[in-house]
Amino acid sequence: MADAVTDPRELLTMLDLPASGLAGAATGNQLFRLRVPRPFVARMRRGDPDDPLLRQIWPRGAEGDDVPGYDLDAVGDLASLRGDGIIHKYAGRALLIATGACGVHCRYCFRRHFPYADENAARQQWRGALQQLRADASIREVILSGGDPLSLADHKLAELVRALDRIPHIERLRLHTRQPIVIPGRVDDALLAWLGDTRLQTVVVVHVNHPQELDTDTGLALRRLQGTGATLFNQAVLLAGVNDDAEVLAALSERLFAQGVIPYYLHLLDRVRGAAHFDVPRERAQRLYRELSARLPGYLVPHLALEEAGRASKTIIGMDAAPGDTAT
């Protein structure tokens, strides 16, 4: 993480792209700093300004546009905060903001404006968060998110998991992470030791949007995670200019499954301020979904989903648009 690329000019040089590509980058970079690990950069195509991996992390001037309907808190996280870094949005599950640090800054991130300095479950050795979890017997699953929880040191994560093990009503541990994809070497012996040493049923949800993100190194990392007994799922986001193509989405599902990961969700874009240029209109998303469903067996077709603030669950989008529905 310390060796990540944070200078747009350096990234252009690495990718053999002209300095003219810096136009607009300064605006986006001031709003949300560039951060991309070198193993992820190594999978980008040299000389291609439209590379799908580059598009996900490259700062653009459009991020400064004030677009109606795009807000700082796109999915209602702030209304669901319970203090001590806990978000309690859905029944039976509590999400812990383990850290604000992440290995990569994705430009469409729905938490790019989140107040991490004020809400961090790791503060004071997790004491406040653990106290809340012990007091609420309705919580059966704990989700570690952020940022990226695997940005934390393994001894801190092991300490947390040991404490969760001692709470009788908690049955499952879920990790939401991009680290095994952008820094496959993060999946090392120390991580596997604590992840495999718990009574909790474990789920690892990774985030891959394009088949080009998966290579031999990610395959090894994902198989090692699976070897701990964890179930692996993927959540992707439908992004204009990145994966809004049925052939690409089909290849993504096939490659994920080959590396031991179940395609789970394909999210419509969360409408966070700064990300409007990634939007794929809902009707187009549904057409793509119909094409994807026709190409793949059902177990390789992720749910097309939308997260809406205040709802009791994610909204699963059907293949057909409602009459007159032209929402984007």
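1. Which backbone nitrogen does the side chain of aspartate 51 reach at 3.0 Å? That of arginine 45. A second polar contact of the aspartate 51 side chain, at 2.8 Å, is with the side chain of glutamine 212. (A polar contact is a pair of N or O atoms within 3.5 Å; within protein, one must be able to donate a hydrogen and the other to accept it, and residues adjacent in sequence count only if both atoms are side-chain atoms.)

2. A word on the basis of this note. The model is predicted, with local features needing pLDDT of at least 70 and side-chain atom pairs counting only at pLDDT 80 or more, while totals for chains, interfaces and linings use all residues. Residues are numbered from 1 along each chain as its sequence is written, and side-chain values use heavy atoms, with hydrogens and water left out.

3. Back to aspartate 51, which sits in the loop between helix 3 (38–41) and helix 4 (52–57). (Helices, H or I of at least four residues, and strands, E of at least two, are DSSP runs numbered from the N terminus.) Aspartate 51 counts as buried because its relative accessibility is 0%; buried means under 20% relative accessible area, exposed over 50%, and partly exposed in between, using a 1.4 Å probe and protein chains only. Setting aside neighbours within four places in sequence, aspartate 51 is in contact (heavy atoms within 4.5 Å) with Met44, Arg45 and Gln212.

4. Now to the nonpolar cores, each a set of buried Ala, Val, Leu, Ile, Met, Phe, Trp, Tyr and Cys residues joined through side-chain atoms within 4.5 Å. The largest has 62 residues, and Leu96, Leu133, Leu164, Trp194 and Leu225 touch the most other members. Helix 6 (residues 154–165) gives this core its largest share, six residues. Another core lies apart from it, with 30 residues that include Leu17, Ile57, Tyr70 and Val272.

5. Leucine 96 deserves a look on your screen. Beyond its neighbours within four places in sequence, the contacts of leucine 96 include Trp126, Leu133, Val142, Leu144 and Leu160. Ser145 is also in contact with leucine 96, and Ser145 is one of the residues nearest the centre of the largest pocket.

6. How many residues line the largest pocket? There are 49, and Phe110, Arg111, Ser145, His176 and Gln235 lie nearest its centre. Its volume is about 1100 Å³. On a 1 Å grid over the protein atoms alone, a pocket is an open set of points with protein on both sides within 12 Å along at least five of seven lines, whereas a cavity is a set where a 1.4 Å probe fits but cannot get out; lining residues have an atom within 4 Å of a point. Grid points are joined across faces, edges and corners, and a volume is the space filled by probe spheres set on the points.

7. Strand 2 (93–97), strand 3 (141–145), strand 4 (172–176), strand 5 (201–206), strand 6 (231–237) and strand 7 (262–267) each give at least two residues to its lining. By class, the lining has 25 nonpolar, twelve polar and twelve charged residues. (Ala, Val, Leu, Ile, Met, Phe, Trp, Tyr, Cys and Pro count as nonpolar, Asp, Glu, Lys and Arg as charged, and the others, Gly among them, as polar.)

8. There are two cavities of 30 Å³ or more. The largest has a volume of about 60 Å³, and its lining includes Asn234, Leu249, Ser253, Tyr264 and Pro302. Strand 6, helix 10 (246–258) and strand 7 each give two or more residues to that lining, which divides into ten nonpolar, two polar and no charged residues. Serine 253 is in helix 10 and is buried, with a relative accessible area of 3%.

9. The second largest cavity holds about 30 Å³ of space. Arg174, His176, Val205, Gln235, Tyr264, Tyr265 and Lys314 line it: three nonpolar, two polar and two charged residues.

10. Please check the backbone in a few loops. Most residues other than glycine have a negative phi, and most peptide bonds are trans. The bond from glycine 146 to glycine 147 is cis, with omega near 20°, and glycine 147 lies in the loop between strand 3 and helix 6. Aspartate 84 has a positive phi, near 60°, and is partly exposed at 39% relative accessibility. Glutamine 125 also has a positive phi, near 55°, and is partly exposed, with a relative accessible area of 47%.
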